[in-house]
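Here are my notes for your read-through. Keep the structure open beside them and check each point as you go.

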Amino acid sequence: MADIILNVEVRERTGTGGARETRRAGLVPGVLYGGDKDPVAVAVKSNEFRKALYTGKLLGHLVTLKYGNETQPVIAKAIDMDPVTDVPVHFDLFRVDEHQLIKIAVPVHFKNHEASPGLKKGGTLNIVRHDVELSCPADAIPEELVCDLTGLDIGDTIRMSAFELPKGVVASLDRDFVVATLAGSSASASADAAADDAAAAASSTSE
């Protein structure tokens with residue numbers, strides 16, 4: 001099971017008024033849905049929810065929901081934050097079986113920027129997808145996908161096939177789509193053009 005446990009209470013009141021009342025009581029309101037059961041309005045103590053959130057392993061991960069003596073594996077699908085105070089104000093939990101195949105977006109990160117000849121020349125890493133939707137078991141969701149930029153030059157394209165996926169994990173889209181490209185900056189393009197002009201001038205002079 002998951003490392004994080006959310007102790008929930010069932011909310012009697014729903015809607016905007018019920019959510020405000022829940023927050024005034026020091027709780028974060030949420031909804032549990034999915035599976036063959038009806039949605040249930042729940043709440044978690046604000047300090048406990050923030051502690052789980054700040055581990056970085058809440059959103060998009062398998063967690064254990066606990067209500068009394070009952071437990072249920074769930075995925076935290078969405079968390080709404082207050083735009084001013086940046087504290088959690090609402091969350092959505094999705095019921096799953098522990099080994100159930102689910103589709104979920106996983107963030108993409110890039111490493112070894114300094115080892116990319118293209119970036120050293122002043123090129124730019126254009127990220128087409130900041131996350132990729134994967135199909136994977138609920139208890140085996142990757143933390144992230146990482147691409148090594150070592151040796152990549154201007155004009156190179158990073159496709160989904162460049163990422164090594166864990167066993168049992170596949171991309172939801174059945175094609176080798178583009179994740180990022182390495183493009184030349186205007187400055188590097190001007191430098192290349194100037195070098196070409198200089199070479200052409202030298203060639204014509206020698207003739």
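**Notes on the predicted model**

1. Start at Phe 110. Setting aside neighbours within four places in sequence, Phe 110 is in contact with Leu 125, Ile 127, Cys 147, Leu 149, Ile 158, Val 179 and Ala 180. Bear in mind that this is a predicted model.

2. Now the core around this residue. Phe 110 and Ile 158 have the most contacts inside the largest nonpolar core, which has 28 residues. Four strands each supply at least two residues of this core: S7 (101-111), S9 (131-137), S10 (145-148) and S13 (178-183). S7 gives the largest share, five residues.

3. There is a second, separate core. It has 18 residues, among them Val 42, Val 63, Val 74 and Leu 93.

4. Next, the sheet. Four strands form an open sheet in the order S10-S7-S9-S12, and the pairing is mixed. Which strands are at the edges? They are S10 and S12 (170-171), and each pairs on one side only.

5. Look at S7 and S9 together. These strands run antiparallel, and seven bridges join them. Ile 104 has Leu 134 in S9 as its bridge partner. As a general rule, strands of a sheet pair through backbone hydrogen bonds, either parallel or antiparallel.

6. Check two backbone angles. Asp 86 is not a glycine, yet its phi is positive, about 60°. Asp 86 sits in the loop between S5 (70-81) and S6 (88-95). Asn 112 is not a glycine either, and has a positive phi of about 60°. Asn 112 lies in the loop between S7 and helix H3 (117-120).

Note on methods
Residues are numbered from 1 along each chain as its sequence is written. This is a predicted model: local features need pLDDT of at least 70, side-chain atom pairs count only at pLDDT 80 or more; totals for chains, interfaces and linings use all residues. Side-chain values use heavy atoms; hydrogens and water are left out. A nonpolar core is a set of buried Ala, Val, Leu, Ile, Met, Phe, Trp, Tyr and Cys residues joined through side-chain atoms within 4.5 Å. Buried means under 20% relative accessible area, exposed over 50%, partly exposed in between (1.4 Å probe, protein chains only). Contact means heavy atoms within 4.5 Å. Two strands pair if DSSP finds at least two bridges between them.
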